[in-house]
Amino acid sequence: MTDDLDSRPTPKELTRDLLAALGVVRVISVDDDHVQEAQQSKEDVLGAIRANTIDLVLAARMVLADEDDADAANMSADEVRDLVDQSWDELDDQARVGLTQAALRAADAEEGTVETQSPSVSGNNAALLALPEILADVAEFVPMGLNEWRGSGQILLDDPKPTLLLFDRSFEREGGSETGGDELVRGVLSRSDRDHVYVGLLTHTATDLGRETEIAAQISEGLDSTRPVIVVAKSRLQDESFPEALRVVLFASEIEAFREHLVKSMSQATETAVAQLRGVEKYLLFASIEAARVEGTYEPDNATRIASAFARKSLARSLRDGDFIAGVMTQLRRAGAVRLYLDGAIKPAALAEVAWDEQFETADLLSSLTLPIEVGDIFKVHDLHGVGKSKGADRYYILLAQECDLSIRADGKRSNDLTRVVLTELRQTVFNEGKPAPLKENQAEFGPLQKASSTPWRVQFAKQIVVPTLALDACVVSGTGRAVVSLDAQVPSTLPGSWTTRFAKIQAEAKSLIGTYRGMETALSSVQGMTDHVRLATKHVTAAVLGTATKHKDGLTAKIDVENSRIEFGIERYARLADGSARGLLSLLLQHQSRPAFDGKLFYEADLPR
């Protein structure tokens with residue numbers, strides 16, 4: 001076992017921290033499992049362990065001391081069986097009854113091992129075994145059935161001690177319905193004198209987050225309560241994500257208040273910005289349009305900067321509301337102190353996607369809005385000449401250059417008449433035995449490039465290619481993200497004014513290049529009996545005319561289609577890195593290029609063994 005695994009908190013430790021954060025001292029579990037016959041059979045339990053029909057980790061943790069709980073995940077079936085066999089007489093009645101009940105339920109169901117069992121077996125068994133073990137010595141654990149709850153449960157809640165209340169959903173064993181727990185949850189949440197009670201529905205019928213949300217929505221319909229309904233899958237007690245769900249139960253009101261505070265603050269900021277924009281003088285709006293024309297930006301984008309400053313300041317002020325900080329934020333900081341998303345713990349499914357969207361703009365957005373080229377634009381370079389096995393693999397590059405050098409001015413040109421730019425290569429991080437290769441001085445890591453993968457990528461500052469600006473500009477004006485220039489194409493309506501002028505210049509440049517190529521192609525076509533040589537010569541002529549490469553491995557490939565008046569470069573805009581990250585990489589690139597250089601050594605001594 002590694003040191004990292006040894007240092008990971010157990011579910012019991014996390015649960016203890018969460019309950020302590022709110023001072024919860026009592027946990028009531030209302031489940032019809034708690035009214036089953038109290039049998040104790042070591043033979044049935046050992047048989048279930050041998051057949052792997054009850055969860056081995058949960059069974060082992062019922063026996064192990066708290067400090068040894070982490071060892072349970074590495075124990076074999078034989079080790080768990082021996083552990084239970086030797087410790088059976090030392091277990092309390094509740095543990096022996098729970099193990100026996102789980103073993104008998106699995107045997108009666110005849111559904112095979114834990115992995116193949118339905119949630120009604122594996123999920124219910126998980127709650128039966130895990131809850132008492134997790135809550136032992138953490139809080140007073142009060143198990144009861146439906147009838148006992150109806151008789152004395154509400155009386156218990158009259159005592160204002162902070163209480164966690166977990167209802168099962170189905171009470172069919174006690175003559176109730178399969179959704180009887182829904183009404184029990186609604187009944188508690190609808191009362192105004194139960195603020196000291198944190199209530200959740202713990203059920204095997206919720207098999208994942210989507211189903212949890214769906215059931216919660218069903219229970220919430222028509223419910224008059226400021227507190228949200230929280231549903232937790234019993235299977236979370238098997239995959240150790242129960243503490244994460246418990247945090248949602250305990251801080252349900254606060255996290256919803258947090259959400260509403262964000263929404264309200266953003267709405268107020270937007271209203272402030274709109275009010276300011278409505279009051280802006282027409283002369284100032286004309287000035288912003290002129291500035292956009294000169295700088296080569298989209299005119300409305302530039303004008304919104306007038307209002308964005310007010311929005312930014314209003315948002316910062318609203319987010320820091322004193323009452324919110326003293327109430328909701330103080331409570332949530334207690335929850336946040338229990339760090340549940342560390343050391344490989346299961347993270348929310350949407351987390352990676354949200355993080356990616358915060359760092360990148362997608363190709364679809366860039367192309368559909370015909371957004372101009374900017375620092376941080378990422379391009380995919382593909383092979384236009386290769387076919388089948390000879391086709392080269394796609395490569396990825398990032399544009400790192402000064403923004404002022406890339407900007408298109410009012411005359412459709414760049415201020416420095418830039419015709420070629422450098423792209424820096426991106427590569428996936430290489431892993432050896434699960435660990436990333438050491439980061440070199442000429443590399444920088446910036447996270448996952450591909451939305452569907454968690455593999456980080458690195459910028460290779462020493463690996464670059466030079467490409468014509470015509471190719472990158474074509475990625476913009478084509479409207480598809482691909483670097484294609486067709487002489488019959490129409491100017492996209494979403495282009496900024498300066499880029500509309502640039503579009504006309506791109507068309508004129510492409511027409512001239514196609515004309516130059518046409519004459520050379522005509523000469524080559526007259527050569528007879530040397531097809532392969534003519535094909536190779538055509539590639540070289542194309543590369544010479546466009547300033548590209550003849551081979552994919554050497555850089556950017558391209559084709560000129562005289563018949564259809566079309567130029568295609570083997571490149572497309574793939575994404576855009578967020579502005580702050582892109583500027584940081586540009587700074588690192590400049591540092592790499594300006595590093596001091598020294599003469600190499602005249603001689604090297606051999607490294608001989610001593």
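Predicted model: local features only at pLDDT ≥ 70, side-chain atom pairs only at ≥ 80, totals over all residues.
## The nonpolar cores

Let's start inside. The largest nonpolar core has 59 residues, and the ones that touch the most other members are Leu19, Leu99, Leu164, Leu237, Phe242 and Leu250. Helix 7, which covers residues 119-135, gives the most to this core, with eight residues.

Want to see what one of these residues touches? Pick Leu19. Setting aside residues up to four places away in sequence, Leu19 touches Val24, Val27, Leu135, Val138, Ala139, Leu164, Leu246 and Leu250.

Now find helix 14 (residues 282-295) and helix 15 (residues 299-319). Their axes come within 8 Å and cross at roughly 130°. An angle over 145° would count as roughly antiparallel and one from 65° to 115° as roughly perpendicular, so helix 14 and helix 15 are oblique to each other. The crossing of helix 14 with helix 15 is right-handed.

Who meets whom here? On the helix 14 side you'll find Leu284, Leu285, Ser288, Ile289, Ala291 and Ala292, and they meet Glu299, Asn302, Ala303 and Ile306 in helix 15. Sort the residues of this contact by type and you get seven nonpolar, two polar and one charged.

## A buried glutamine

Next up is Gln507, which sits in helix 21 (residues 497-525). Is Gln507 buried or exposed? Its relative accessible area is 13%, and buried means under 20%, so Gln507 is buried.

Leave out the neighbours within four places in sequence, and Gln507 is in contact with Val485, Ser486, Leu487, Asp488 and Ala489.

## Two aspartates in loops

Asp137 is in the loop between helix 7 and strand 2 (140-144). Exposed means over 50% relative accessible area, and Asp137 comes in at 73%, so it counts as exposed. Its phi is near 65°, a positive value in a residue other than glycine.

Look for Asp417 in the loop between helix 19 (403-406) and strand 9 (420-428). With a relative accessible area of 54%, Asp417 is exposed.

How values were computed. Residues numbered from 1 in each chain as written. Heavy atoms only, no water. Axes fitted to C-alpha atoms, helices over the stretch in contact; angles between N-to-C directions. Helix = DSSP H or I, 4+ residues; strand = E, 2+ residues; numbered from the N terminus. Parallel < 35°, antiparallel > 145°, perpendicular 65-115°, else oblique. Left-handed = near helix turned anticlockwise from the far one by under 90°. Contact = heavy atoms within 4.5 Å. Nonpolar A, V, L, I, M, F, W, Y, C, P; charged D, E, K, R; others polar. Buried < 20%, exposed > 50% of the residue type's maximum accessible area, 1.4 Å probe, protein only. Core = buried A, V, L, I, M, F, W, Y, C linked by side-chain atoms within 4.5 Å.
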